[in-house]
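Please read the following report with the sequence and the model open beside it.

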Amino acid sequence: MKGKSILKFSLLPLHLIIILIAFLWVLPSVGLFITSFRTSADVAASGWWTIFEHPFNFTVYTLANYREVITKIGIGRAFLNTLFITIPSTIIPILIASFAAYAFAWMEFPGRRFFFILLVALLIVPLQMTLIPILRIFNQLGLAGTLPGIWFAHAGYGLPLVIYLLYNFISGLPSELFDSSSIDGATPFQIFFKMVLPLSLPALASVTIFQFLWVWNDLLVALVYLGGTPDVAPLTVSISALVGSYGQDWELLTAAAFVSMFLPLVLFLGLQRYFVKGILAGSVKG
Amino acid sequence: MRTNKITPWLYILPAVSILFFFLVYPSLKTIYISFFNYSSEEFIGLENFLYCFTNQVMLNSFRNNALWVVVFVPLTVFIGLIVAVLIDRVKYESMVKSIIFMPMAISFVGAGVIWKFVYAYRPATTAQTGILNALLSTFKLKPLPWLIMRPWLNNLCLIIVGVWIWTGFCMVVLSASYKGIPREILEAARVDGANEFRIFWKIILPLMKPTIAVVSTTMIINVLKVFDIVYVMTNGNFNTEVIANRMYKEMFLFRNYGRASAIAVILLVLIIPMIVINIQRFREQEAIR
């Protein structure tokens with residue numbers, strides 16, 4: 001009994017450190033969230049933490065900031081643009097990568113090792129190395145500022161990691177699966193479609209959430225290939241422009257930022273398990 | 001698995017052609033045009049590189065990136081490690097982990113807005129709405145314009161945003177590695193009378209070393225490529241420029257494709273050691289398989 005109480009007492013600093021870190025981490029986001037629901041007069045007059053002086057006075061909150069950024073400042077449009085960019089930019093590379101990962105994992109062909117080592121190298125080639133030549137080609141082909149252009153650019157940039165993660169998973173499937181299926185006369189495509197893909201669902205979920213978040217949150221690629229035109233610009237581009245033009249209107253900036261964070265946060269909280277698995281597969285092994 | 005000669009190529013051809021078109025070919029092309037003038041019409045040898053290593057703004061951006069490496073990498077890895085080891089002992093582990101990990105889900109642009117608000121500055125005569133300056137004024141201190149305090153304080157302020165975002169990544173990876181250490185080893189040391197600090201230094205740290213190395217290299221790569229945070233929060237003004245921002249400006253503001261390419265090549269050269277480490281690690285792993 002005595003030992004236990006000593007242990008508990010010694011755990012107090014531990015709890016304090018952990019809670020302090022968690023508090024510091026969450027505080028900035030809380031400020032953003034609260035500010036996005038305050039009136040512009042309140043935001044200019046006092047800090048967001050002053051609402052805790054009257055925590056149950058709900059009359060001070062407003063949705064006006066969200067109405068304004070979504071309808072008047074173009075964040076609604078930017079949200080849709082982000083969706084139109086992100087969904088194909090997620091599906092295309094995963095489709096292409098799952099075929100490639102399957103071949104790399106279970107088929108023999110000359111150059112297999114060479115191509116795979118190239119892939120591992122491409123994992124970290126900075127995409128800055130590719131921007132100028134691709135932008136020039138896009139300009140010639142009329143793809144700059146269009147959605148298909150950025151879909152394939154994101155597919156290209158996402159492929160190395162997606163193939164790599166799927167390869168790690170698919171190559172770990174038991175080899176009997178492939179031997180016995182071959183003996184039963186199943187073609188490679190049937191094995192792929194009926195066994196490998198269904199068995200790889202957890203890994204596919206991981207790479208989907210990865211690629212989705214990466215594209216959703218991307219600024220540089222959109223900035224370079226789409227530019228700032230409102231009919232294609234995604235949230236990241238629009239909001240960074242707002243930071244320049246509405247620099248002091250915190251109630252608007254915070255509302256716009258929260259619109260951009262909402263979907264990623266829901267996905268993250270719902271699928272955190274797969275997100276973590278993807279990170280672990282990509283970094284500990286890689 | 002047995003296949004005919006053509007089948008594997010059908011499976012990898014779409015991937016390989018996209019990779020060649022979007023990564024391999026343009027990278028080689030960028031190296032090529034880094035030896036040409038702004039419009040890529042005239043060969044000028046190493047002039048662009050010479051510019052990068054003599055121009056004061058470029059030198060500043062190298063210095064700032066170095067500062068990012070020196071501050072950001074140890075901080076993310078250290079806090080990540082501490083949290084990973086400590087948090088294993090409390091019941092609310094998953095909640096705290098989610099909180100620290102959450103910034104990974106949002107964009108750097110969103111994080112930039114969040115933190116610009118934290119650093120918000122108004123003249124001392126009005127109420128401070130940024131939490132940091134409000135904190136200063138409760139201690140009767142003068143508010144600081146954090147993001148224009150060049151060159152150290154504002155750069156550190158940007159680096160903290162990066163730490164806030166990436167520590168969760170380090171924590172998750174290091175925590176998985178920590179949980180992989182057999183509990184019997186730690187228990188045995190405790191029974192032998194070793195205190196927690198000794199256990200940490202003599203057992204936990206050596207066992208986690210490979211993972212710490214992986215996480216650190218990942219962080220170094222991130223830091224060399226850092227762009228969004230600086231673009232959103234200061235746009236490189238007040239001496240906060242970093243390499244990737246310089247490249248973007250040379251490309252879009254000054255339309256100097258030669259210099260922009262040279263900067264990209266320098267970035268690649270800085271990252272090449274990491275690529276080599278990655279390939280080596282991959283080979284070792286294949287050898288075990």
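N239(B) is partly exposed, because 18 other C-beta atoms lie within 10 Å; here a residue is called buried if 20 or more other C-beta atoms lie within 10 Å of its own, exposed if 12 or fewer, and partly exposed in between, with C-beta atoms placed from the backbone. The phi of N239(B) is near 65 degrees, a positive value in a residue other than glycine, and N239(B) is found in the loop between α10 and α11 of chain B.

N235(B) lies in the loop between α10 (228–233) and α11 (243–252) of chain B, and it has a positive phi of about 50 degrees although it is not a glycine. With 16 other C-beta atoms within 10 Å, N235(B) is partly exposed.

## How to read the model

This is a predicted model, in which local features need pLDDT of at least 70 and side-chain atom pairs count only at pLDDT 80 or more, whereas totals for chains, interfaces and linings use all residues. Residues are numbered from 1 along each chain as its sequence is written, while chains are lettered from A and ligands numbered from 1 in the order in which they are written.

## Chain B as a whole

Chain B has 12 helices and 0 strands, where helices (H or I, at least four residues) and strands (E, at least two) are DSSP runs, numbered from the N terminus. Its C-alpha atoms fill a box of roughly 80 × 75 × 30 Å, taken along the principal axes, and buried residues make up 44% of the 289 residues in the chain.

## Where the chains meet

The contact between the chains takes 77 residues from chain A and 80 residues from chain B, two residues being in contact if their C-beta atoms, placed from the backbone, lie within 7 Å. On the side of chain A that touches chain B, helix α14 (residues 250–283) gives the most, with 14 residues.

Helix α2 (residues 12–35) of chain A and helix α5 (residues 108–118) of chain B pack at an angle of about 90 degrees, with their axes 9 Å apart; axes are lines fitted to C-alpha atoms, for helices over the stretch in contact, and angles run from 0 to 180 degrees between N-to-C directions. The residues that make this contact include P28(A) and L32(A) of α2(A), and W115(B) and F117(B) of α5(B).
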